[in-house]
Number of protein chains: 2
Amino acid sequence: MGSLDPPVEVTRIEGGTVLAQQVLGTTLADFRRAADNIAHHTIVSPLLPWHGRDRELRLKAESLQPSGSFKIRCATNVLASMSAERLSRGVVTASAGNFGLGVAFAGRARGVSVTVHAPDTAARTKLQKLRALGATVVEHSFDEWWKIMSTRRVGASDAPLIHPVCEAPVIVGNGTIGLEIAQQWPEADVAIVPYGGGGLCVGIALALKASGRATRVVACEVESSTPLASARERGKSIAVTRGPSWIDGIGSQSVLPDMWSLVSKVIDAVVVVKQSEAEDALRSLARDSHLVVEGAAAVAFAAAMRPQFRNSRVVAILSGGNIDIPTFTRLLQDGASTEGA
Amino acid sequence: MGSLDPPVEVTRIEGGTVLAQQVLGTTLADFRRAADNIAHHTIVSPLLPWHGRDRELRLKAESLQPSGSFKIRCATNVLASMSAERLSRGVVTASAGNFGLGVAFAGRARGVSVTVHAPDTAARTKLQKLRALGATVVEHSFDEWWKIMSTRRVGASDAPLIHPVCEAPVIVGNGTIGLEIAQQWPEADVAIVPYGGGGLCVGIALALKASGRATRVVACEVESSTPLASARERGKSIAVTRGPSWIDGIGSQSVLPDMWSLVSKVIDAVVVVKQSEAEDALRSLARDSHLVVEGAAAVAFAAAMRPQFRNSRVVAILSGGNIDIPTFTRLLQDGASTEGA
């Protein structure tokens, strides 16, 4: 969809500098501590070999985490960083679903009550699961929800909330994926990471660097909304239009102001894939790798198949598997009719 | 479907005694050697926690293996046990698909030509994949194919074939799953294993025992064909009718004569599940664990949900994920219409 014209510069808020300082100082020991924090509530996700002809591709299947996405890592790490006294008042978050699910799982494990503010574009399956886990869900329009994400404030209550992206323990928790890749495949040339809020890209990049690996981090987006590609083009975070897509969880209205200074330092490139490529990817992953993935993960796989990664050792981060089953079924069937034509 | 009436006793052939002696003598060192043999071509499959309310259930996701099922373990181990001279003439096997796929993957990795004899009931997706891997596929009626399996002879050529079940290196290769469970979850009370030819059950049971674990092995079958339950009832292998089912890979016409002496020693119990339970299981695994599984794996999950395993630590062996996508899609949709009703 490209950027709005004229470009709207997104105001930087003070937190960004603080966050960047906190996060850029993260050491290998910090990432290892996070790995210890989450060990009992997450899996070391497998790195599944994909039989590509012209590249070595492996899939980091975060879709297999208990909460259905990588977000259980950072959510668990955030709760581990909070005092028992603070936890006793419960936790509040804003999330397209996956972070909320992660917090709900982590909260249940520790007996902490959880409230989740979600956009009404989120997959129904995610909201149902949140409620089944005992969380309170509050739905908002996407614009309203985005305001909550940007200001970190919810309505009149002014309740402080755990931000799904811009918290140091969130980013360090995400980094445990980079730590695992560094051990599972030290030779990896490239890690391809879906760009949602940026916390996944940044965490993985910093952990790979802290582990002494030369693995480059390439972000990926889908054509219907390209905040990162647009920000890189302009050299600053700008607001973009958000087109319709079955792919949720990535494709925001802008790079979060707090994240730009980090993102611009650690991400090596960005790949924008077509919706049709993501749909083919979803079908390939179901048929050949026997994985149910959500849109963002399909985008990472699609990006990994691009010609520019020929003769490379590539990891695609399959960020999650929380897709509505009717959507998933429809996409599988679309493939059958196309292949039959 | 139960047994034929009057029961037809299946003739024991001499190989059974030899096989039993070979296999029952397998030591922990033998299983570890097999694990080394296969390490570069297989994954250590993850043990995925399932959030059950009244039991601790974990899923051994063999559906994530490169060939789409556990059979790559035993196929790779068999090829490792053969001389280069014998391999130079190529290898022949009879397989409902998964073992053939395993041999095709293992053969490709070692540059060995592969011929596969398969029943025409096998999932199309499996046969297509075999051909894509460069294997020659010969299709037979199920009865003809079963004769090949039982006699180990193919037509006039009298070519010796690698049996997908009744070979010591096959059973020891399967046992590497038991070895992994012994490390991943030493406290497991029960491992629930789909009963196809019996080689998976026997391999896992012997490896768990060799590892000093008390984990019981429970086999599972689907109601449309129950050779093991019938054999246990009669105390000997008998022929049973085979009803129609979307579930392939398990449910033979009888316990293989060579296997009965082994099976009757190491399997603690058998659970027979309904087709509808397996269908619900397939849907649950797609929705909540984000796995695409084939029928046999769904049967194992369904068995693990039975009341008798309440308050137990249960591993369900999800043997594979090679299911025709149209079948998979249809089963997902059936669930949607049922749930909507």
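In chain B of this predicted model, an open sheet of mixed pairing is built from 6 strands in the order β1-β2-β11-β8-β9-β10, where strands (E, at least two residues) and helices (H or I, at least four) are DSSP runs numbered from the N terminus, and two strands pair if DSSP finds at least two bridges between them. The edges are taken by β1 (47–50) and β10 (269–273) of chain B, each of which has a single partner strand, so one side of each is left without a neighbour in the sheet. Direction ignored, neighbouring strands of this sheet are turned by 30° against each other on average, axes being lines fitted to C-alpha atoms, for helices over the stretch in contact, with angles from 0 to 180 degrees between N-to-C directions.

Strand β2 (residues 56–61) of chain B runs parallel to β11 (residues 313–318) of chain B, to which 6 bridges join it, and Ala61(B) stands opposite Leu318(B) in β11(B). Helix α8 (residues 168–184) of chain B packs on the sheet and touches β1, β2 and β11 of chain B, its direction making about 140° with that of β2(B); contact means heavy atoms within 4.5 Å.

Strand β8 (residues 190–194) of chain B is mostly covered, with 5 of its 5 residues buried, that is, under 20% relative accessible area, against over 50% for exposed and partly exposed in between (1.4 Å probe, protein chains only). In a regular strand the side chains alternate between the two faces of the sheet. Accordingly, Val190(B), Ile192(B) and Pro194(B) point one way from β8(B), and Ala191(B) and Val193(B) the other way. Strand β8(B) pairs in the parallel sense with β11(B) over 3 bridges, Ile192(B) standing opposite Ala316(B), and 5 bridges join β8(B) to the parallel strand β9 (residues 216–222) of chain B.

In chain A, 10 of the 13 residues of α5(A) are buried, so this helix is largely enclosed by the rest of the structure. Its buried residues, among them Phe99(A), Leu101(A) and Phe105(A), pack against α3 (71–80), β3 (91–94), β4 (114–119), α6 (124–132) and α8 (168–184) of chain A. After α5(A) comes Gly111(A), with a positive phi near 70°.

Residues are numbered from 1 along each chain as its sequence is written, and chains are lettered from A and ligands numbered from 1 in the order in which they are written. Local features need pLDDT of at least 70 and side-chain atom pairs count only at pLDDT 80 or more, whereas totals for chains, interfaces and linings use all residues; side-chain values use heavy atoms, hydrogens and water being left out.
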